[in-house]
Amino acid sequence: MTDLVTLRRDDNISVITIDNPPVNAFGVKVREQVLAALLRAADDAATDAIVLRCAGRTFIAGADISELGKPPLSPTFPEVIKAIEACEKPVVAAMHGTALGGGLEVALGCHYRIALAGTRLGLPEIKLGIIPGSGGTQRLPRLVGIEKALAMIMSGSPIPAEEAQASGLIDAMVDDLDAGALAFAREVAARRPVPRARDRADRIAPFVADPAALDAAAAAYLKRAKGLHAPAAAIDSLRAAITLSFDEAIARERALFVALRDGEQSKALRHIFFAERAAAKVDLPAGEKPRKVERAAIIGAGTMGSGIAISFANAGIPVSIIDLAPEALQRGLDTVAKTYRGALARGGLTQEQMDHRLGLIKGATDLAAIADADLVIEAVFEDMEIKRKLFADLDRLAKPGAVLATNTSYLDVNAIAQATGRPQDVLGLHFFSPANIMRLVEVVRAEKTAPDALATAIALTRTIGKIPVVVGVCHGFVGNRMLRLRTVEAERLLLEGALPQEVDRALTDFGFAMGPFAVSDLAGLDIAWRMRQAQGLRAEIADRLCEMERFGQKTGRGFYLYEAGSRTPKPDPEVEQLIVETAARLGIARAPIAAKDIVERLLFPMINEGTRILDEGIAQRSGDIDVIWVSGYGFPSWRGGPMHYAGTVGLPYIRDRLIEFAVKTGDARHRPASLLEKLAGDGKAFVTLDG
Ligand code: 3H9
């Protein structure tokens, strides 16, 4: 036996142990060795029962996702699981950590399942654009019933061991996995026949009698599945569980799984899975470690500051919110309390958790309160002079080695760092609003940022449940710099012939949750207006709307109309008239624009800018840009982010369209970036640059 799987015997119990760090993914080598170990144990006259367990931090966390893009190798998942289920001796899955996807499917093929307290069990395949492909949609409902299986498969979210036991998914919970597994195996060793999930009919019986009930139960899930293929396939597969024989249903599940696995959506979602993890990596010089962060301080008690403070408290890290204006501080603390009360009312946390988290947040009106913080995040007004003055004060007051971060969305972090005598400790942490909900953080590495300060920021953002992506210094970093091009193009489309609702619909049909004009109305048009004014820029329609005091949802009018108390955008004839008149005044002949052209005009210039960002080294990998757009700007994850999407469209086509846009608009930024030209000419995609 080689080192991935070991087989040992403890008296009459054979124990198969998988040891394939970091997460015991069930790759082909592991499958081969598990199958060999199983057959040996089954043939061993001294063995009465078999335990399947894992070393390290978790039970099998699923298929090896990197193998899903390659031709399946034998023994396949279904072959191994079939062999386990067919074994005449009881096989006990002993789980800890996270039993996910194909890992849970292996356990479902075992005759008994036990878990260490704290284990989480789930079928997250839907998040990768696939369905469970090794019996999960067939064996799970036979153990827990259709409704519970539906909830687990459609959400992809794992459930705790207690819930798994209550629903019949596991047979027992133990405090000591090794001893508990041996004791459990001895208890069931003589029981025959072994119980097989495939033979159970009781839990699915109500739906077998009334298959139409599945459609009713599935409707709510399908409604939320806009654009995605996997949810409907999962329902089809569950339907097979109640209308076909087990073997026919397993074949149906496999066919659905294979089609999804080979489709573009799953490829895109798998790309994002690995890109998210790659984005959080930074090479530290040998011997260097991230610094310890035991206390944090946030300066500025606005919406952003309060949201960031909540994220820290949620992760159990004590945090001070500092605002020199007592009323502003009180408003911030009130926002925090209100957010927690809302979560409590919705059942998102207990009273005890709320009290604990509130207890971790302290308010102060004196900057000296940062003295004991290991990390300070500035979230004050977006003004270079204010920020530079503040950082000079932080330099005086912060303890040595504290990481000093600015939450600026645009400004030059190098200039901010130069206001201190310790630029090696300064970096940007660009959170997105609402900061307690949005997971993206652009971690801005300035010219002099020390590697261990950067590593500290990354580790910390991961600890508070965010997705960090390292970016370099430029105006707007990665996300806002690309967004700016989309905003300009959206305005141009209005003047050329589209209406706000047509532009927005083209992007929501593409898969964005909201279109650009609905987003502007939500964010408030005045913020971008002020910024344009500061930069001497003009947007014909948006500026005029602001001059009319149409600032978006907060004034009930913006690009759309909002009825009192409603957030639903209604097309506004007054805006249409303004657009038509402005176009006429500027001598632009308006004509209808097809949805496909709207999408290309909005996205291709962004992809072009993304290419420049890559070429300049502002982003390290094209996947980093994809993660930023998927987790911070609502780009549909199943399209893999803008740079991955560009690969599916084809770079030569994008290059040619950009040349047309440059001619049509006279905007030099639309000329294809040299790197885009090169890749298109070489027939390559961005991902080839990522290594
Ligand atoms: C499936 O099972 C299909 C079947 O139904 C049918 C088959 C026929 N494969 O997330 P982390 C790597 S689909 C390959 O940072 P954590 C990850 O890239 C699968 N690699 O750790 C990273 O590598 P690196 C269903 C994987 O502690 C390292 O492990 N299963 C896999 O924050 C650490 O990962 C899932 O979808 C994998 N399956 O979280 C579960 N998983 O260090 C996916 C992880 O080089 N995994 N890696 O960057 C997870 O949700 C989390 O990794 C987990 C640990 C919760 C397990």
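A salt bridge is taken here as a side-chain nitrogen of Lys or Arg within 4 Å of a carboxyl oxygen of Asp or Glu. By this criterion Asp 543 pairs with Arg 532, their closest N and O atoms being 2.7 Å apart. Asp 543 belongs to helix 23 (residues 540–547) and Arg 532 to helix 22 (residues 525–535), so the pair, 11 residues apart, links distant parts of the chain; helices (H or I, at least four residues) and strands (E, at least two) are DSSP runs, numbered from the N terminus. Both Asp 543 and Arg 532 are buried, where buried means under 20% relative accessible area, exposed over 50% and partly exposed in between (1.4 Å probe, protein chains only). Salt bridges with shared partners join Arg 532, Arg 538, Glu 540, Asp 543, Arg 544, Glu 547 and Arg 585 into one network.

The model is predicted: local features need pLDDT of at least 70 and side-chain atom pairs pLDDT 80 or more, whereas totals for chains, interfaces and linings use all residues. Residues are numbered from 1 along each chain as its sequence is written, and side-chain values use heavy atoms, leaving out hydrogens and water.

**Overall fold**

The chain contains 29 helices and 17 strands. Its radius of gyration, taken over C-alpha atoms, is 28 Å, close to the 26 Å given for 691 residues by the globule rule (2.2 Å times the number of residues to the power 0.38); the chain is therefore as compact as a globular protein of that length. The C-alpha trace spans about 90 × 60 × 55 Å along its principal axes. Of the 691 residues, 55% count as buried.

**Further salt bridges**

The structure holds 51 salt bridges, including those tabulated below.

| Asp 44 | Arg 9 | 3.1 Å |

Asp 44 is partly exposed at 24% relative accessibility, as is Arg 9 at 44%.

Asp 393 and Lys 389 are 4 residues apart in helix 16 (residues 384–397), which means a separation of about one helical turn. Asp 393 is buried at 16% relative accessibility, whereas Lys 389 is exposed at 55%.
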